[in-house]
Amino acid sequence: MAGSSHGHGHTPAAWTGVIISFIGFCVAGAFMVMAEPVGFWAGMVLILGGAVVGGIMRAMGLGQPKQTHAFQPSVSAATREPASVEG
């Protein structure tokens with residue numbers, strides 16, 4: 001998978017969401033060490049804010065486009081009748 005070139009995560013929406021969330025982790029971690037619950041929860045809000053901002057940017061078209069796959073139904077062994085059924 002390391003050699004795959006899907007472009008996974010190489011979009012402005014992904015970078016922005018991850019950077020905001022990373023800052024939130026740093027803030028939450030620092031305030032947790034300093035035993036300040038208000039600062040910790042502010043960092044947690046930043047983490048969620050990163051996800052929201054990334055989602056909004058993706059909806060605006062700054063994320064990776066969705067790939068459409070054609071649905072091809074196939075007959076599986078689970079849908080066939082057993083061999084002992086006579087018809």
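Me: Which residues are buried in H2?
Reply: Gly-39, Gly-43, Ile-47, Gly-50, Gly-54 and Met-57 are buried there. Keep in mind that this is a predicted model.

Me: What do the buried residues of H2 pack against?
Reply: They pack against H1.

Me: Why would residues three or four places apart point the same way?
Reply: An α-helix has 3.6 residues a turn, so residues at that spacing face the same way.

Me: How many residues does H2 have, and how far does H2 reach?
Reply: H2 has 26 residues and reaches 35 Å from its first C-alpha to its last. That is close to the 38 Å expected at 1.5 Å a residue.

Me: How many helices and strands are in the protein chain?
Reply: The chain has 2 helices and 0 strands.

Me: New topic. Where does Ala-35 lie?
Reply: Ala-35 is in the loop between H1 and H2, and H2 covers 37–62. Its phi is near 55°, a positive value in a residue other than glycine. Most residues other than glycine have a negative phi.

Me: Is Ala-35 buried or exposed?
Reply: Ala-35 is exposed, because its relative accessible area is 58% and the cut-off for exposed is over 50%.

Me: And Cys-26, which helix is that in?
Reply: Cys-26 is in H1, residues 12–33. Cys-26 is partly exposed, at 41% relative accessible area.

Me: How far apart are Cys-26 and Phe-40 in space?
Reply: They are 9.5 Å apart, C-alpha to C-alpha, and 14 residues apart in sequence.

Me: Last one. What share of the protein chain do buried residues make up?
Reply: Buried residues make up 15% of the 87 residues. The chain exposes about 7300 Å², with 69% of that supplied by carbon and sulfur atoms.

Note on methods
Residues are numbered from 1 along each chain as its sequence is written. This is a predicted model: local features need pLDDT of at least 70, side-chain atom pairs count only at pLDDT 80 or more; totals for chains, interfaces and linings use all residues. Side-chain values use heavy atoms; hydrogens and water are left out. Helices (H or I, at least four residues) and strands (E, at least two) are DSSP runs, numbered from the N terminus. Buried means under 20% relative accessible area, exposed over 50%, partly exposed in between (1.4 Å probe, protein chains only). The expected span of a helix is 1.5 Å times one less than its number of residues. Contact means heavy atoms within 4.5 Å. Accessible areas come from the Shrake-Rupley method with a 1.4 Å probe; for residues, only the protein chains shown count as cover.
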